[in-house]
Amino acid sequence: MASLSSGSSRDSKAGFWKKNSSVPGSIKPVYGAQYPPPQSNISISAKQPKKDEKGKNIKHDAFHEFENKTSDAWDDGDDDLIQMANLKLSLKDVHTSAKVVLDNHSKKANSLQKQQEGETANHTIKGLNSPQSQSQSFPHHHHHHGGPGLGVRLNSGGYQPPKMTSIRYVTNAAPDREAARIDKFKAVFAEPSLDLNDLRKLCWSGIPKSVRPTAWKILSGYLPTAADRRQETLERKRKEYFGYIEQYYDTRYQDLHEETFRQIHIDIPRMNPLIPIFQQLIVQEIFERILYIWAIRHPASGYVQGINDLVTPFFVVFLSEYIENDIEVENCDLTELSQETRDLIEADSFWCMSKLLDGIQDNYTFAQPGIQMKVNALRELIKRIDVPLFNHLERQGVEFLQFSFRWMNNLLMREIPLRCTIRLWDTYQSEINGFADFHLYVCAAFLKRFSEESLREHDFQGILMLLQNLPTLHWRDKEISELLAEAYKLKYMFADAPRHLLLKS
Amino acid sequence: MCDPIFEYQFRLILIGDSTVGKSSLLRYFTDGKFDEACDPTVGVDFYARLMEVKPGVRVKLQLWDTAGQERFRSITRSYYRNSVGVMIVYDISKRSSFENLKEWYEEAREHIEPHKAIFVILGHKADNEENRQVTSREGRRFAEMHGLKFFETSAKTGQNVEEAFASIAKDTYQHLQDGHIKIEEGWDGVKAGFSRPKETVQLAEAEGESRCC
């Protein structure tokens, strides 16, 4: 680890950070398999059979089995959805179509199942084969907690073994299909002038890991659609970013900016306390530079807590470009990469984060109007799509702001594991204004998904504790795909609703 | 699920500069745990715990943990109205967080009116003696000047954590007994709880809560 003046005191803290902790809104650990820490595995596996007994035929390695069965349903099927977009549909049509699509996928998946059983040995994806990641597929991280508010309800009935529906799992056991899909991406990238809509359609249902960095850079608008201009653009933008660093970074101790930098400098070491890579000083410094430069170039919002989280997915995805396939991204030692490589990752992360924030800057300006509006819109949506839940929340005096503020401010990043955020962002970046408009529908689908659990809580306290500690630690692409399908449906149900009605404040 | 029996429910709010340790304090109080680092609170988080205010009398404390960063003030402000207790927290190892006490105090008072609330001042991270920038005397003097109680607390050692919450709970209870604070329709600062099953408090509360728009 590179040493700076404050390095030693930070290092001594690193031990504490790795402790299991769960608080409302703590970032859920997770890209690959390091979490949970090995020492907690014993108690986890001891607990697991209990869960397994509930599911009918779920064996000890239920996740693996599940993973094999849930094959690439969206791969072909996403075209159905995209075509739907071109039609004006009545509500009923939407429901019917959605059902047909899902049914089709089920059939396909079933027929694929046998074929795939022989292929399971071929998993090549990082982390998925390790024992840790298997144990990750069940909610367990809260089992040591007894206090209120800290996920005590996680094991008390909300969880059901995953249904074997046929939603595609991006990094899974169908190498041929996966390879074909990757080729499809590469062909699109290679087109002299790429059609952004084609790419969006392709990416909406999830991007294979190996092509994700490039896909994200293009989708976000960082890289141009013209293939022959990309390399030149990359070089220019990277130079531009480091020009900013040279020009502005020394201002961080000046009166005007001191407070901004101080806050960033405090926040960075304490984010993602459970993921080893973020304990590295060299990584923390990258985050500090990215955030500081962004903040002083956007004085209307400046640095607001929550923005720091938004760097993480870009950083992790762009880093994955440069590391060996068998190393967990979250355990990667950045000092082993060259300075030049680290600089590339840093500059790319900066620009893509900037593009993202361009679309949601009103979330972070004075009085956070973007968030206030979205929280109101969420309330209006739930009022229309889930009346029992809406009435329950009203009756118990639960206000939407109380639980969904963070959903908007941190784009659900504190509610779901990092791997799920990354998958979610494949789709957000494939939608126009995905991080603003489509996110709203995703939040509505997210809340609706926990409708039953919420209704089971009989008072204000129970509901709020549940909603700020939702049991998503075991979530994978399947859950996100289901969420997205529901959000997509909502989007089409309400696309014609007058915007002023939905978004009135 | 069976609800523990409690006489009243009090809503309290914790305020103070970013990183003074509000979340750690609440986590220690409700869960007995201390973490060296945690993600910054955005908006407001909710915690709860039962506490005895005198032998045989329990109250439920519902606690709002607020984000300290300036940008979140417009959100956190809306939580003052329904609070009967306010804990203003500063970090004894950070002078500026002490200097901002007055501003926090004034903001809270302004937004709580016309309701009454009990305030306490907490000098937190009291274990961090070697980096102390605010003396106990200064902290106490600020509190006394405004007629408030004062504690130096630590979520690392547990020092005074229980005492501080007990103090604000007992004072609120006493004010309620004395009639200085009353249960009011449409105000969530204090509510009647569930006591003996024969009473109909539960029903009354359920009705009181249904706020129609």
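His439(A) is buried, its relative accessible area being 1%. Buried denotes under 20% relative accessible area, exposed over 50%, and partly exposed the range in between (1.4 Å probe, protein chains only). The model is predicted: local features need pLDDT of at least 70 and side-chain atom pairs count only at pLDDT 80 or more, while totals for chains, interfaces and linings use all residues. Residues are numbered from 1 along each chain as its sequence is written, chains are lettered from A and ligands numbered from 1 in the order in which they are written, and side-chain values use heavy atoms, leaving out hydrogens and water. His439(A) belongs to helix H19 (residues 434-449) of chain A. Helices (H or I, at least four residues) and strands (E, at least two) are DSSP runs, numbered from the N terminus. With residues up to four places away in sequence not counted, His439(A) touches Trp407(A), Met408(A), Leu411(A), Leu412(A), Tyr428(A) and Gly434(A), a contact being heavy atoms within 4.5 Å.

Over all chains, the structure holds 42 aromatic pairs; rings of Phe, Tyr and Trp (its six-membered ring) pair if their centres lie within 6.5 Å. The ring of Phe318(A) has the charged end of Lys217(A) over it, 4.9 Å from the ring centre. Between the chains, the charged end of Arg11(B) sits over the ring of Phe460(A), 4.1 Å from its centre. The criterion places NZ of Lys or CZ of Arg within 6 Å of the ring centre and within 35 degrees of the ring normal.

Strand E1 (residues 8-15) of chain B is mostly covered, with eight of its eight residues buried. In a regular strand, side chains alternate between the two faces of the sheet. In E1(B), Tyr8(B), Phe10(B), Leu12(B) and Leu14(B) point one way, while Gln9(B), Arg11(B), Ile13(B) and Ile15(B) point the other way. E1(B) runs parallel to strand E3 (residues 57-66) of chain B, joined by seven bridges, and Leu14(B) stands opposite Asp65(B) in E3(B). Four bridges link E1(B) in the parallel sense to strand E4 (residues 85-91) of chain B, where Met87(B) is the bridge partner of Leu14(B). With strand E7 (residues 190-192) of chain B, E1(B) is antiparallel over three bridges; there, Gln9(B) has Lys191(B) as its bridge partner. Two strands pair if DSSP finds at least two bridges between them.

**Tyr8(B) in strand E1.** Tyr8(B), in strand E1 of chain B, counts as buried at 17% relative accessibility. Leaving aside residues up to four places away in sequence, Tyr8(B) has contacts that include Arg58(B), Val59(B), Lys60(B), Tyr173(B), Val190(B), Lys191(B) and Ala192(B). His146(B) is 138 residues from Tyr8(B) in sequence and 27 Å from it in space, C-alpha to C-alpha.

**Right-handed crossover in chain B.** Strand E5 (residues 118-124) and strand E6 (residues 149-152) of chain B run parallel and are joined by four bridges. The chain passes from E5(B) through helix H5 (residues 136-145) of chain B to E6(B) in a right-handed β-α-β crossover. Right-handed means that, with the strands pointing away from the viewer, the path from the first strand over the helix to the second runs clockwise. Within the pair, Val120(B) stands opposite Lys149(B) in E6(B).

**Backbone features in loops.** A cis peptide bond, with omega near 10°, runs from Glu113(B) to Pro114(B); Pro114(B) is in the loop between helix H4 (101-112) and E5 of chain B. Asn160(B), although not glycine, has a positive phi near 65°. The loop holding Asn160(B) lies between E6 and helix H6 (161-178) of chain B, and the residue is partly exposed, with a relative accessible area of 24%. Gln368(A), also not a glycine, has a positive phi of about 45°. Gln368(A) lies between helix H14 (339-359) and helix H15 (369-385) of chain A, in the loop, and counts as buried at 0% relative accessibility.

Methods
Phe/Tyr/Trp six-rings, centres within 6.5 Å; stacked < 30°, edge-to-face > 60°.
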